[in-house]
Amino acid sequence: MAARRIITKRIGEVLLERGVINLKELERALAHQKAHGGQLGQILIQHGAVTEDEVALALTAQYGFPYLPLSKYEIDTELTALIPETTAKRYGLIAIDRIGNALTLAMADPSNTQVIEEIQLLTKCVVQTFVSTPTDINAAIEKYYKRASNSQPTSHDGQPQTTDH
């Protein structure tokens, strides 16, 4: 079961208190969210009020998860076998480490406990999460899933080769 964190402040409040946005920017983003849906952090990014890094750092303050800039982190390509690429892309996450049955993920949205629980069921691991930016996660997915597929021998039909000995 995913660890539940008690959240006392919303992302908008955290960004406001840190002086990253002003009240007018928050109100405009909240109105947009009410009319069109979406995550407040992503709306603020689209409006140019904040950067991805500022949202990621606010999420770390909000949820208590550590921040990990993936561009500076090397991931073992064998970890890509644990989570299908489509799942990683859909949920904005990537496995970055595994020790025994403890799997560490980098996620853009650590508040999504349903996804964390789904990954725990899929991998049969206890999941720990780090916060990273969507751009870093997407770049890591492209880099490491591509590298993993390039290192797998393929048969003439393009499918991974299997050897039955």
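Tutor: Helices (H or I, at least four residues) and strands (E, at least two) are DSSP runs, numbered from the N terminus. Thr-104 lies in strand β2, and that strand is the part to look at. This is a predicted model, in which local features need pLDDT of at least 70 and side-chain atom pairs count only at pLDDT 80 or more, while totals for chains, interfaces and linings use all residues. Residues are numbered from 1 along each chain as its sequence is written, and side-chain values use heavy atoms, leaving out hydrogens and water.

β2 belongs to an open sheet of three strands in the order β1-β2-β3, with mixed pairing (two strands pair if DSSP finds at least two bridges between them). β1 (93–99) and β3 (126–131) each have a single partner strand and stand at the edges, so one side of each has no neighbour in the sheet.

On one side, β2 pairs with β1 in the antiparallel sense over six bridges. The two strands form a hairpin with two residues between them, and Gly-100 in that turn has a positive phi of about 60°. Within this pairing, Asp-97 stands opposite Thr-104.

Leaving aside residues up to four places away in sequence, Thr-104 touches Ile-94, Ala-95, Ile-96, Asp-97, Gln-128 and Phe-130.

Leu-105, the next point of interest, is a member of the largest nonpolar core, a core being a set of buried Ala, Val, Leu, Ile, Met, Phe, Trp, Tyr and Cys residues joined through side-chain atoms within 4.5 Å. This core has 24 residues, and those touching the most other members are Leu-70, Ile-75, Ile-83, Ile-94, Leu-105 and Ile-119. β1, β2, α6 (113–123) and α7 each supply at least two residues, with α7 giving the most, five. Leu-70 has contacts that include Ile-94, Ile-96, Ala-106 and Ile-137, again not counting residues up to four places away in sequence. A second, separate core of 18 residues includes Ala-29, Ile-43, Val-50 and Leu-59.

Leu-59 is one of the buried residues of α4, as are Val-55 and Tyr-63. Cover for the buried residues of α4 comes from elements including α1 (11–17), α3 (40–46), β3 and α7. After α4 comes Gly-64, whose phi is positive, near 80°.

For the whole, the protein chain has seven helices and three strands, running α-α-α-α-α-β-β-α-β-α from the N terminus. Of its 165 residues, 38% are buried. Among contacts in the protein chain with a separation of 6 or more, 60% join residues 24 or more positions apart.

Methods:
Contact means heavy atoms within 4.5 Å. Buried means under 20% relative accessible area, exposed over 50%, partly exposed in between (1.4 Å probe, protein chains only).
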